[in-house]
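Visitor: I would like to learn how to read a structure such as this one, feature by feature. Could you take me through it slowly?

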Amino acid sequence: MDRVGRLGSIGDRGNRVAAEAKVDPMHQFQLEKLAGADWNIAGYNIAFTNSALWMAVATIALIVFVAGGMKRQVVPGRWQMAVETFTGFIDGMLAANVGKNGKKYVPYIFSLFMFILFANFLGLMPLGVVGVHPFTFTSHFSATGVLAVLSFSIVLIVGFAKHKLHFFSLFVPHGTPVPMIPIIFVVELISFLVRPFSLGLRLFVAMMAGHVLLEVLSSFVISGGNAGPALFLIAGLPSFLLMVGICALELLVAGIQAYVFALLTCVYLNDAENLH
């Protein structure tokens, strides 16, 4: 009986170790309440979460980055040159896609681009802040959707403020045959209204997919290491090497997705400013 009991305890320990070694790829996207768990307004919980913390960190990082480049030196330092490089990059993007009227949108597009860029990069950090693990809030559609709706709202406000009801001509391409106007108008209107959804979804999916893939590969590395040297060489080591490559790719994707979000916002602003 004692032997059976010992075997049973060994089996329980083995199950616990296996459970602890198991990697849940979706756990990294779980919202955690850090403060104010009982804060409620109109039935909605407004607790301060890990997502809100990393939004604040990204905002502070952006403010510090811009403030450090505000020194108007005769010979610009590296920090000032970095800020001016990004500002010039955004100014060129707006000039190419909106025209001369795009200069007034530089502050917004610059802030949008840099905020998403910092958010994506901070989510790839190996270490957390004040004991909180890194969290990529751009992998949540609730965050990217709000950014997309904000950009879309600006497009609508600018479009109707500048063109009034003539803004609806955007949905009827020049030269459309009269019998086709009702059908084309509906199709173009639906395509226009889908823009904020696709804008937020693109960023959310790209960031989430990369992080899930990294977690899945890390589970192969851990499982291979626990199974023994032979299996680690077969499955664990190749997975680890692939993780290194994907980490480099994730850094590239983090920058590309911020650029794509800003670029599409510029394209939509061009429609509001110049219609066709």
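This is a predicted model: local features need pLDDT of at least 70, side-chain atom pairs count only at pLDDT 80 or more; totals for chains, interfaces and linings use all residues.

Visitor: Let me begin with helix packing: at what angle do helix α2 and α3 pack, and how far apart are their axes?

Guide: Two packed helices are described by the angle between their axes and by the distance between those axes. Here helix α2, residues 50-68, packs with α3 at about 110 degrees, and the axes are 8 Å apart. Because angles from 65 to 115 degrees count as roughly perpendicular, that is the description given to α2 and α3.

Visitor: Which residues of α2 and α3 make the contact?

Guide: From α2 come Val64, Phe65, Val66 and Gly68, while α3 contributes Trp79, Ala82, Val83 and Phe86. Sorted by class, the contact of α2 with α3 holds seven nonpolar residues, one polar residue and no charged residues.

Visitor: Now the aromatic rings: how many aromatic pairs are found in the whole structure?

Guide: The search finds 16 aromatic pairs. One of them joins Phe89 and Tyr259, whose rings lie 5.8 Å apart, centre to centre, with 40 degrees between the planes, and this pair is tilted. It links distant parts of the chain, since Phe89 belongs to helix α3 (residues 78-97) and Tyr259 to helix α7, 170 residues apart. Phe89 is partly exposed, at a relative accessible area of 37%, and Tyr259 is partly exposed as well, at 33%.

Visitor: Why is the pair of Phe115 and Phe137 called tilted?

Guide: Planes under 30 degrees apart count as stacked and those over 60 as edge-to-face, with the rest called tilted. The planes of Phe115 and Phe137 are at 40 degrees, with ring centres 5.5 Å apart, so this pair is tilted. Phe115 sits in helix α4 (residues 106-122) and Phe137 in the loop between α4 and α5, so the pair ties together parts 22 residues apart in sequence. Phe115 is buried at 15% relative accessibility, and Phe137 is buried at 1%. Elsewhere, one aromatic cluster is formed by Phe152, Phe160, Phe167, Phe168, Phe171, Phe185 and Phe192.

Visitor: Finally, which residues does the UniProt annotation "transmembrane region" cover?

Guide: According to the unreviewed UniProt entry, that annotation covers residues 52-69, 105-129, 141-161, 181-205 and 240-269. An annotated span can then be set beside the model. Residues 52-69 are 94% helix and 0% strand, with the end C-alpha atoms 26 Å apart, and residues 181-205 are 100% helix and 0% strand, with the end C-alpha atoms 35 Å apart.

How values were computed
Residues are numbered from 1 along each chain as its sequence is written. Side-chain values use heavy atoms; hydrogens and water are left out. Rings of Phe, Tyr and Trp (its six-membered ring) pair if their centres lie within 6.5 Å; planes under 30 degrees apart count as stacked, over 60 as edge-to-face and the rest as tilted. Helices (H or I, at least four residues) and strands (E, at least two) are DSSP runs, numbered from the N terminus. Buried means under 20% relative accessible area, exposed over 50%, partly exposed in between (1.4 Å probe, protein chains only). Axes are lines fitted to C-alpha atoms, for helices over the stretch in contact, and angles run from 0 to 180 degrees between N-to-C directions. Angles under 35 degrees count as roughly parallel, over 145 as roughly antiparallel, 65 to 115 as roughly perpendicular and the rest as oblique. Contact means heavy atoms within 4.5 Å. Ala, Val, Leu, Ile, Met, Phe, Trp, Tyr, Cys and Pro count as nonpolar, Asp, Glu, Lys and Arg as charged, and the others, Gly among them, as polar. UniProt positions are given in the numbering used here, feature names are shortened, and annotations may be inferred rather than shown by experiment.
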